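I opened the notebook for a friendly walk through this model. My entries take up strands, the core, a pocket and salt bridges in turn.

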Amino acid sequence: MQFASGAGPDLFIISPGDFLRYYNGGVLLDLTPFMEQSARDDFLPSVIANRMVDGKIYGVSLGLNSTAMIYDKELIQKLGLKEPSWEMTWSEIGDLAVEISKAAKRDRFTGLADGGRDEPALEVWLGQRGKSLYTTEGKLGFDDKDIAEWFAFWQDLRKRGGCAAPDTQALDRGEIDSSMLTLGKAAIGFHQSNQLVGFQALNKSKLGLTTYPDGGKGAKPGRYLKPAMMWSVSAQSKQQEAAVKLVSFFVADLEAGKLLGVERGVPASDAVRKVVTPTLDELGRTMADYITLISDKVGPLPPPPPRGAGEIQTILRRVNELVGFGKLQCVARGVDCG
């Protein structure tokens, strides 16, 4: 975008990861004067807060999703076991996974995929402890004891037969078609709420959607609402009011909401979501209902990741495999994950 030369667009969409770059560049218009309080009240508070700096609004989310466990609802019901639900803790989900593994009686099939290698799962785990992957300064937001306890949880679950063995989990390339759920190797996996449609298309069994495990009594939410993309207006625009009206149409107009559906994420506006939800198919309603369910059970968006942060997924996967294969033992302040 040609903002430096003054030739940038009046209105544009940016990803959450690019927000600070544009804000620091001084190209984002403060939308606060254009938004009536009634309009702001219609959006989930956490959504408005995620795009505020010093009390000023610089962007509006076009749609939302969040972390979610996707599970084989049909299988778990056939086994006569309790389905995973939002109030279940990590320990309880682990116990359920062991039960599923035993009840299913399938070769190399487990109740849970191995989430020890998944960055979003670790991020939620840390968030529930009041920690984060990264600090606002771009440093690690956790210590050796946190990560040792994380790997220890998964190593214990492997030994109990609750999550996928390392050689089985290695089949997962990070895509829907190679996930443990789709390959028929696990009943529950760690994914994103907007992936439900893609998973259901590749799975014959009816699937369900629920939150990542709860942190237990006194824990923070850990999860947060992720803006799929965000509308912003250029501070250089000579058509600011017209640009803001167009943003308002996309995110707050009821008819526009019906046309867009949940293709770009579940509407952040409560009023639009209520109108859109009944028009959706079963999977769309499930995703919309999920966002409504967790809307009062989320925390703030974490600090933006520093440059090179994408490598953490590769590192997590490698270390988790080494621990799983017994080639690495991590010990920190009395925590042994070997």
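**Entry 1: strands.** I count two strands as paired if DSSP finds at least two bridges between them. Helices (H or I, at least four residues) and strands (E, at least two) are DSSP runs, numbered from the N terminus. This is a predicted model, so I kept in mind that local features need pLDDT of at least 70, that side-chain atom pairs count only at pLDDT 80 or more, and that totals for chains, interfaces and linings use all residues. Residues are numbered from 1 along each chain as its sequence is written, and side-chain values use heavy atoms, with hydrogens and water left out.

I looked up an open sheet of three strands and found the order β1-β11-β4, with antiparallel pairing. Its edge strands are β1 (11–14) and β4 (60–61), each of which pairs on one side only. Between β1 and β11 (residues 230–233) I found four bridges, the two strands running antiparallel. Which residue of β11 stands opposite isoleucine 14? I found methionine 230 there.

**Entry 2: the core.** A nonpolar core is a set of buried Ala, Val, Leu, Ile, Met, Phe, Trp, Tyr and Cys residues joined through side-chain atoms within 4.5 Å. Buried means under 20% relative accessible area, exposed over 50%, and partly exposed in between (1.4 Å probe, protein chains only). I saw that the largest nonpolar core has 37 residues. Those with the most contacts inside it are Ile100, Leu112, Leu122, Trp150, Trp154, Ile188 and Phe190. Among the elements that give two or more residues to this core are β6 (67–72), α4 (73–78), α7 and β8. Helix α5 gives the most, with seven residues.

**Entry 3: a pocket.** On a 1 Å grid over the protein atoms alone, a pocket is an open set of points where a 1.4 Å probe fits, with protein on both sides within 12 Å along at least five of seven lines; lining residues have an atom within 4 Å of a point. I noted a volume of about 400 Å³ for the second largest pocket, a volume being the space filled by probe spheres set on the points. Of its 24 lining residues, the closest to the centre are Asp118, Asp172, Gly174, Phe190 and His191. Strand β8 (186–192) gives the most to this lining, with five residues. Helix α14 (311–324) also supplies at least two. By class, I read nine nonpolar, nine polar and six charged residues in the lining.

**Entry 4: salt bridges.** A salt bridge is a side-chain nitrogen of Lys or Arg within 4 Å of a carboxyl oxygen of Asp or Glu. I noted 20 of them in the structure. One joins lysine 131 and aspartate 143 at 3.8 Å, N to O. Both residues lie in the loop between α6 (119–128) and α7 (144–159), so the pair ties together parts that are twelve residues apart in sequence. Lysine 131 is partly exposed at 30% relative accessible area, and aspartate 143 is partly exposed at 29%. The two also belong to a network of salt bridges with Arg129, Lys145, Asp146 and Glu149.

Next I looked up arginine 273, whose salt bridge with aspartate 270 has its closest N and O atoms 3.2 Å apart. Both sit in helix α12 (residues 270–276), three residues apart, about one turn of the helix. Is arginine 273 buried or exposed? I found arginine 273 buried, at 3% relative accessibility, whereas aspartate 270 is partly exposed at 27%.

Notes: Ala, Val, Leu, Ile, Met, Phe, Trp, Tyr, Cys and Pro count as nonpolar, Asp, Glu, Lys and Arg as charged, and the others, Gly among them, as polar.
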